[in-house]
Amino acid sequence: MSEFSESPRSDGGARGRSGRRAHDVREFFGQRALTWDTRFPDDGPAFAAGVAELGLRAGDRVLDAGCGTGRALPALRAAVGPSGTVLAADLTPEMLEAAVRAGRDAEGALLRADVAALPVRDGALDGVFAAGLISHLADPARDLAELARVVRPGGRLALFHPIGRAALAARKGHELTPDDLRAEPNLRPLLAGSGWELVRYADEDARFLALAVRQG
C-alpha cells in the first residue's frame, strides 16, 4: 500500500484561517535556511537519541514532520533500514532545498506540505518525529489530530528539541510562561484531545522530549 494519498486532506476554512501563520513560518525559516546547519553543527547526536525514543523497527514507515534541513533523516533511515519508508514534510521550500544540498534527500522522500493537511493515507505510518514543531503550529489541537490521523493505533509521536525549554528561553532572552504549550500540564490534555496519550516527558537542559502513543 502506498503511504501517499492522491491529494492532501482538505480542512476547508481552517486552512484559510491558518494561511497567514503558514506564510510567517515560511518567511522566518526561508531567511535562515542557508545558514541553519552551520548555526547548530553539533545537534546530530541529540537528534539520533531523539529518534531512538520512537522505537522504530526495520521496515517501519515514519514521517519527519517539519523536517527543516533534514537533520533527523539519517537517523530515521538507519532506524527503519532499506526496507522502511521515510517521509519528510516541510512548508518552507528553502529548507527542503538545503536538505537536498546536504544530500539528505537520499535518506527519504521530501514533501513540501503543511502538517495541517498531509498527503498521507489514514493510519499509514508507524511513527512521527517532530523537532521544534509544536511552537509553530497554527492550530495545535487540529494539527496534532492530523498527525494522529496518519499514524496507526499504537504508533508513536516524538515531540523533540535538542535543548530544553528553559535553556531555549535563555538562548532567546525570553522567560518561560505558564501558557507554554510544551509545559506538561498543558501538553498532556492537548495531546489527549488530539488522539494521543503522553507516555514519557523529559524537559532537561540537554533535550526536550514528549513521547506519545496513538490511541484508538
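Angles here run from 0 to 180 degrees between N-to-C directions, with axes taken as lines fitted to C-alpha atoms, for helices over the stretch in contact, and contact means heavy atoms within 4.5 Å. Helices (H or I, at least four residues) and strands (E, at least two) are DSSP runs, numbered from the N terminus. The model is predicted, so to speak of local features a pLDDT of at least 70 is needed, side-chain atom pairs count only at pLDDT 80 or more, and totals for chains, interfaces and linings use all residues. Residues are numbered from 1 along each chain as its sequence is written, and side-chain values use heavy atoms, with hydrogens and water left out.

Strand β1 (residues 61-65) pairs with β2 in the parallel sense over five bridges, and arginine 61 has threonine 85 of β2 as its bridge partner. Together with helix α5 (residues 73-80), β1 and β2 make a right-handed β-α-β unit; right-handed means that, with the strands pointing away from the viewer, the path from the first strand over the helix to the second runs clockwise. Four bridges join β2 to strand β3 (residues 109-112), and these two strands run parallel. Alanine 89 stands opposite leucine 111 in β3. From β2 the chain crosses through helix α6 (residues 93-101) to β3, in a right-handed β-α-β crossover.

Turning to the aromatic side chains, a search of the whole structure finds four aromatic pairs. Rings of Phe, Tyr and Trp (its six-membered ring) pair if their centres lie within 6.5 Å; planes under 30 degrees apart count as stacked, over 60 as edge-to-face and the rest as tilted. The ring centres of phenylalanine 47 and phenylalanine 129 are 6.2 Å apart and their planes are at 55 degrees, so this pair is tilted. Phenylalanine 47 lies in helix α4 (residues 44-52) and phenylalanine 129 in strand β4 (residues 125-131), so the pair ties together parts 82 residues apart in sequence. Phenylalanine 47 is buried at 5% relative accessibility, and phenylalanine 129 is buried at 0%. Phenylalanine 129 also forms a tilted pair with phenylalanine 160, at 5.4 Å centre to centre and 35 degrees between the planes. Phenylalanine 160 sits in strand β5 (residues 151-161), 31 residues from phenylalanine 129, and is buried with a relative accessible area of 3%.

Helix α9 (residues 184-192) has Leu187, Leu190 and Leu191 buried. Viewed down the helix axis, the buried residues of α9 fall within an arc of 95 degrees, so they line one face; the arc is that of the directions from the helix axis to the C-beta atoms. Pro185 and Ala192, on the other side of α9, are exposed. The cover over the buried residues of α9 includes α7 (140-149), β5, β6 (196-204) and β7 (207-214).

Definitions and conventions. Pairing = 2+ DSSP bridges. Buried < 20%, exposed > 50% of the residue type's maximum accessible area, 1.4 Å probe, protein only.
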